[in-house]
Amino acid sequence: LACLILDVKAGANGAHKPKEKPSCPVYEKLGLVLRSIVRSCDIWGRLNGERFAALLPHTTARQARQAIKRIDAEIANTPFFVDTKQVPLKIKWGVAHFDKGKIRNEADLLRLAEASLGKD
């Protein structure tokens, strides 16, 4: 089991703060992009305004990093707009893999993934 954290900042240097509502055009489009390229067994959810998490069953740490590269490439090829203005995205990833020796529960897995944000 692997856990991914996706931290998204919209606009140049994260200057544009999209609305917290899920109806924000940037997040709607990002959700559609993710849905089109992830496996049906992967579980995605929004943690807060700019942060998403995913659980990837039957996935090694190496496979999770490959998934991140694939998702990054798809996001890079997709334009995101607020009103009629294109908005660049700055993305950081965190990843953790379930290890019985280090992780006791789901909070530990999420904490490890968050701790690794932007370290790759």
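Helix α3 (106–115) has buried residues that are covered by β1, β3 and β6, among other parts. Contact here means heavy atoms within 4.5 Å. Helices (H or I, at least four residues) and strands (E, at least two) are DSSP runs, numbered from the N terminus. This is a predicted model: local features need pLDDT of at least 70, side-chain atom pairs count only at pLDDT 80 or more, and totals for chains, interfaces and linings use all residues. Residues are numbered from 1 along each chain as its sequence is written, and side-chain values use heavy atoms, with hydrogens and water left out.

Which residues of α3 are buried? They are Asp108, Leu109 and Ala113. These residues cover an arc of only 135° around the axis, so they sit on the same side of α3. The arc is that of the directions from the helix axis to the C-beta atoms. Buried means under 20% relative accessible area, exposed over 50%, and partly exposed in between (1.4 Å probe, protein chains only). An α-helix has 3.6 residues a turn, so residues three or four places apart point the same way.

Now look at the two ends of the helix. At the start of α3, a side-chain oxygen of asparagine 105 comes within 3.1 Å of the backbone nitrogen of alanine 107. Serine 116 lies in the segment after α3. A polar atom of the serine 116 side chain is 2.9 Å from the backbone oxygen of alanine 113. A polar contact is a pair of N or O atoms within 3.5 Å; within protein, one must be able to donate a hydrogen and the other to accept it, and residues adjacent in sequence count only if both atoms are side-chain atoms. Serine 116 has a relative accessible area of 16%, so it counts as buried. Leaving aside residues up to four places away in sequence, serine 116 touches Trp93, Gly94 and Val95.

Next, the strands. Eight of the nine residues of β1 (residues 2–10) are buried, so β1 is largely enclosed by the rest of the structure. β1 runs antiparallel to β3 (residues 51–56), joined by six bridges. Two strands pair if DSSP finds at least two bridges between them. Leucine 6 has phenylalanine 52 as its bridge partner in β3. β1 also pairs with β6 (residues 89–97), antiparallel, over nine bridges. There, alanine 10 stands opposite leucine 89.

Finally, the cysteines. Cysteine 3 is buried, at 2% relative accessibility. Cysteine 41 is partly exposed, at 37%. The structure holds zero disulfides, a disulfide being a pair of cysteine sulfur atoms within 2.5 Å.
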